[in-house]
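Here are my notes on the model, point by point. Please read them with the coordinates open.

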Amino acid sequence: MLHVKSVFLAALALYFMKLIFARDLQKQISTVELMEIWDKLDLDGNGYIEKYELNKLAKYVGDWNEEEMHKAFDTNNDGRFDIDELAHILQAQPNFLERFNVHNRISSIDLMKIWKKYDSNKSGYLERFEMRGFVKDLLNLNKEYVNVKAIDAYVSQISNLYDENHDGKFGLTELASIVPLETNILTQFQNMHELTESEIRTITNHYDEDSSGILEESELDAFIRDLLDKNKMEHNAKDIQDFKMNFYEALDQNKNGEIDTTEFVKLLKMH
């Protein structure tokens, strides 16, 4: 009976320990932010947070007890923390990619949502630290143990394949090469200048994915991306933003910062 009681009290202590850490954090951090914090903690770059590196952790979790932290989060009891254990300590956001079917084929709308999430500094490129966040989430989809060495090796492999100018940055077209995409719906329409009413409805319904009557940012971005792709025009995230601003200026008649499906239909008819 005493053993059961002690086990219960230990479990209760761990539970409250996790609540304390969660309370100390103002918000959940993204995977990109997690990787940035990791680099500040893993001073020797060996892929683990060792005991002597833990003093910097207080900046992110406030007051903490080393022994209790290891009991709560050192799941393999090796006396140090790996990247997944740090994610639990810092209450990182759930894996963003879990909402997409990235192992099969995703829509261009989903591609733009993924791009927006991981281009955290809105630079128009996925820089190496952002790509590391994307890769961690991608590898975690397999529910396998992931360490920083594996993440960096995968990023290096992607760089060798797609970073042709070796600037350490990845554009939208490069991300589209990494993530399998559905066939561009616009390729089935031979002449975008002479669309029938039925074809206009098909295109509108496709990009108004949530049937809200409004083309949200990722939906409009996806249409522009697909249109440029259909016309075999090179494009990056900045090109899409420039086209989008022109569309808003021409079509957003009520100046509410949105393009509804009625305004989008006008765009298709005038294209």
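**Notes on the predicted model**

1. Val32 sits in helix α2 (residues 31-41). Helices (H or I, at least four residues) and strands (E, at least two) are DSSP runs, numbered from the N terminus. Val32 is buried, at a relative accessible area of 2%. Buried means under 20% relative accessible area, exposed over 50%, partly exposed in between (1.4 Å probe, protein chains only). Beyond its neighbours within four places in sequence, Val32 is in contact (heavy atoms within 4.5 Å) with Tyr118, Ser120, Phe129, Glu130 and Gly133. The C-alpha atoms of Val32 and Gly133 are 4.3 Å apart, although 101 residues separate them along the chain.

2. Ground rules. This is a predicted model, in which local features need pLDDT of at least 70 and side-chain atom pairs count only at pLDDT 80 or more, while totals for chains, interfaces and linings use all residues. Residues are numbered from 1 along each chain as its sequence is written, and side-chain values use heavy atoms, with hydrogens and water left out.

3. Overall picture. The protein has 13 helices and 4 strands. Of its 271 residues, 45% count as buried. Take the contacts with a separation of 6 or more: residues 24 or more positions apart account for 59% of them.

4. Gly133 belongs to the buried residues of α7, as do Glu130 and Phe134, among others. Helix α7 (residues 128-140) has 13 residues. Its span from first C-alpha to last is 18 Å, close to the 18 Å expected at 1.5 Å a residue; the expected span is 1.5 Å times one less than the number of residues. In α7, 11 of the 13 residues are buried, so the helix is largely enclosed by the rest of the structure.

5. Helix α4 (residues 66-73) has buried residues Met69, His70, Ala72 and Phe73. They cover an arc of only 165° around the axis, which puts them on the same side of α4. The arc is that of the directions from the helix axis to the C-beta atoms.

6. Backbone check. Most residues other than glycine have a negative phi. Gln91, not a glycine, has a positive phi of about 55°. Gln91 lies in the loop between α5 (83-89) and α6 (108-118) and is partly exposed, with a relative accessible area of 26%. Lys122 is not a glycine either, and has a positive phi of about 55°. Lys122 lies in the loop between α6 and β1 (126-127) and is exposed, at 55% relative accessible area.

7. Aromatic pairs. The whole structure holds 5 of them. Rings of Phe, Tyr and Trp (its six-membered ring) pair if their centres lie within 6.5 Å; planes under 30 degrees apart count as stacked, over 60 as edge-to-face and the rest as tilted. Tyr207 and Phe223 pair edge-to-face, 5.4 Å centre to centre, with 80° between the planes. Tyr207 is in helix α10 (residues 197-207) and Phe223 in helix α11 (residues 217-230), 16 residues apart. Phe223 and Phe264 also pair edge-to-face, at 4.9 Å and 85°. Phe264 lies in helix α13 (residues 261-270) and Phe223 in α11, so this pair ties together parts 41 residues apart in sequence. Phe223 and Phe264 are both buried.

8. Elsewhere, Phe96, Phe100, Tyr118 and Phe134 form one aromatic cluster.
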